[in-house]
Amino acid sequence: MIPRVHKRGKRTIGLLYYLYGPGKYEEHTDPHLVASWDHHAPDPGRDANATLKQLQHLLDQPLDNIDDADRPTRHVWHLSVRNGTEDRILSDDEWGDIARRMVAAAGIDHPDDAAGCRWAAVRHADDHIHIIATLVREDGYKPDLNYDAPRVQAEARLLETELGLRRLNRGDGTAAQRPTSAERHKAARHNKERTPREELRETVRRSVAGAASEEEFFGRLAAAGLLIQRRVAPSGDLLGYKVALPDDRNKDDEPVFYPGSKLAPDLSLPRIRERWSQGTPRPHVAWADRGAARTRSTPARARRRAASAVWQAVLVIDHADDAQVAAHVAAAGEVLDALAQTSAAHTRRELRDAAFAFERASRSHVRAERGHDRALRQAARELVYSGPAVGRGEDGATTAMLIDMAFFLVTTVAHWHSKKEHAQQAAAARQAAEHLRTAYQVAARQPMAALHQRGRHLSQALQHQHAAHLRQAVPELAEQILSEPGWYALAATLADAQAAGHHPVTLLEDAAARRELTTADSVSDVLVWRLRRTAGLPAHTRAARTDDNAATPRTPLSAPAAGRKAR
């Protein structure tokens, strides 16, 4: 159940015409009253003798009892209450009870108060009602509407439980502003999947990912094709900014601009500047020199470094204080934004949806202590400057490695939010994790198949040897891993690590000790990427060769030495 307090209005009759009319964007069917302040208000929808003017006159009657100077400029209060498409259809009596509880929660009219405001609830569809009220009480005083929106939201959570409706998570006031009905319908008319507000939010977040200065940030916005307006003080200082899509126009054919703070709370210019307050992610590179910067890192190298930074962030979130965790959570959003905009076509949609969902998880009332997130912001920056990756070879394999690490990071963020009772953020992180899971399955298909083939071509002696290593390092998980399809890929990885001079048992023990494995869908997949990253092995490998089994590995390092090298 979603209650929404709309912008206050000046004309009661205008809103009544809309509620009882055919509707601007959706067909209104059988508009009628389900409740009112005195249970006897005329209903122009069901009573042929009642008129909208009569209902308007009765609603506005308290205005006649006060002086013109005391009248509120905008006296019309409007609340819509909408159920989800999967919820059952409620009866008129149930909607009437909901209306009475909503006006009581908001402070409009309480059942025990004989001098409340006048109001009426109109139903013109199966799934929602509208409540209109006059903001002057019967005794001439104005109602106390401080925090009316949070109060009706809290009441909605209670009603969901009582009526058996889908239960939404309790908010904390840090969510980005929802698109309005007009914005959604405008997007539908233009056959667009997302509203301009949502498109702009995504573009601005991508532009700020890893950015190191205002010059670079605004350069990225311009390169993305956005129209930009800067708000400058008389002193010449930059105070804020607005952005617009070139093809999003109002009725006067003017661009519709949105301030950064209206796209999301952390996209205002002061909040963006906080990301740079503790130093830039790397020595400053002018936006005009971005081409030269790109040559310093390939997509594969940037993804491998990002995977290491993401893995370190997982360990930090497990043990750091809340302010440091909040900084890492916010920077994780930048990494996902950067990964989505540089991904290959076959993973782009899922990674974009993952970043879009995680946006809600990146903010809470826990204030981030900037500076601790520098490694993640550096990783996001390198991803952006390394350019788009291809979906095969080392690029594709390191993409799978990074997505695997990002899945663990996002899952860890979801657990942290759950412990802090940040319900909406935890749900958003879990949703992002599901998109990452799907993206990983696509990205890992080719590199894991190559490793699997190499593992199957290992000699029986090598397979038995690495199975023994596995049983020694992780005895509680060994039989599960040996039964997984990914075991052969892990065997090939252990063979590669041993050939490179690493001790397989030490690598396995180190990988298992750093983070629990029991919740992984495929423990063998997780170990493959942890070992290949830790041991510095190429993420991509050729299919099996005829001389694989003939290769003589270098003498493994001793266990303590291998442990130091791995770490």
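I began with Asp 373 in this predicted model, and I found Asp 373 to be buried, with a relative accessible area of 3%. For the cut-off I kept in mind that buried means under 20% relative accessible area.

I then looked up where Asp 373 sits, and noted that it lies in the loop between helix H13 (345-361) and helix H14 (374-386). Leaving aside residues up to four places away in sequence, I listed Ala 327, His 328 and Ala 331 as the residues that Asp 373 touches. I also checked the side chain of Asp 373, which makes a polar contact of 2.6 Å with the side chain of Arg 370. Ala 313 is 60 residues away from Asp 373 along the chain, yet I read a separation of 8.5 Å between their C-alpha atoms.

Next I turned to the helix pair.

Last, I looked at a sheet, in which 3 strands form an open arrangement in the order E6-E7-E8 with antiparallel pairing. I noted strand E6 (227-232) and strand E8 (258-259) as the edge strands, each pairing on one side only. Helix H6 (residues 196-208) packs on this sheet and touches E7 and E8.

Technical notes. Residues numbered from 1 in each chain as written. Predicted model: local features only at pLDDT ≥ 70, side-chain atom pairs only at ≥ 80, totals over all residues. Heavy atoms only, no water. Helix = DSSP H or I, 4+ residues; strand = E, 2+ residues; numbered from the N terminus. Buried < 20%, exposed > 50% of the residue type's maximum accessible area, 1.4 Å probe, protein only. Contact = heavy atoms within 4.5 Å. Polar contact = N/O pair within 3.5 Å; in protein donor to acceptor, adjacent residues only side chain to side chain. Pairing = 2+ DSSP bridges. Axes fitted to C-alpha atoms, helices over the stretch in contact; angles between N-to-C directions.
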